[in-house]
Amino acid sequence: MQIKGYNTKQKNIIVDMLKKNKNRHLTADEMLKILDEMDSHVSKATLYRFLDVLVSTGDLRKYITLEGEKACYQYIDEEA
């Protein structure tokens, strides 16, 4: 994946976390928990903004299963 825009430490941390969990569907809250467990300080706002970018560039799938449910995301492995 080629990171669009400015390449920041937070973006790299998010991409690494997504790649490590590419076989899972994760909500943003689950991602924040994983990032906290990794002792990575990424704000909720930063995560949501970057998730939107990754969805728009086709690097991430966004799933909404039921009305009112939280969206789930899954990294698209370009090597698969």
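Buried means under 20% relative accessible area, exposed means over 50%, and partly exposed lies in between (1.4 Å probe, protein chains only). Contact means heavy atoms within 4.5 Å. Helices (H or I, at least four residues) and strands (E, at least two) are DSSP runs, numbered from the N terminus.

This is a predicted model: local features need pLDDT of at least 70, side-chain atom pairs count only at pLDDT 80 or more, and totals for chains, interfaces and linings use all residues. Residues are numbered from 1 along each chain as its sequence is written, and side-chain values use heavy atoms, with hydrogens and water left out.

## Exercise 1: Helix α1

*Solution.* 

## Exercise 2: The largest nonpolar core

Identify the residues with the most contacts inside the largest nonpolar core, and the elements that give it two or more residues.

*Solution.* 
- Step 1. A nonpolar core is a set of buried Ala, Val, Leu, Ile, Met, Phe, Trp, Tyr and Cys residues joined through side-chain atoms within 4.5 Å.
- Step 2. The largest such core has 20 residues, and Leu18, Met31 and Leu47 have the most contacts inside it.
- Step 3. Two or more residues come from each of α1 (9-20), α2 (28-37), α3 (44-56) and β2 (72-75).
- Step 4. Setting aside residues up to four places away in sequence, Leu18 touches Met31, Leu54, Leu60 and Tyr75.
- Step 5. Met31 lies in helix α2 and counts as buried, at 0% relative accessibility.
- Step 6. With residues up to four places away again not counted, Met31 touches Met17, Leu18, Leu26, Leu47, Leu51 and Tyr73.

## Exercise 3: How α1 meets α2

Describe how α1 and α2 are arranged and which residues meet.

*Solution.* 
- Step 1. Two packed helices are described by the angle between their axes and the distance between the axes.
- Step 2. Axes are lines fitted to C-alpha atoms, for helices over the stretch in contact, and angles run from 0 to 180 degrees between N-to-C directions.
- Step 3. The axes of α1 and α2 cross at roughly 105 degrees and come within 11 Å.
- Step 4. So α1 is roughly perpendicular to α2. Angles of 65 to 115 degrees count as roughly perpendicular, under 35 as roughly parallel, over 145 as roughly antiparallel, and the rest as oblique.
- Step 5. From α1, Ile13, Ile14, Met17 and Leu18 meet Met31, Ile34 and Leu35 of α2.
- Step 6. This contact has 7 nonpolar, no polar and no charged residues. Ala, Val, Leu, Ile, Met, Phe, Trp, Tyr, Cys and Pro count as nonpolar, Asp, Glu, Lys and Arg as charged, and the others, Gly among them, as polar.
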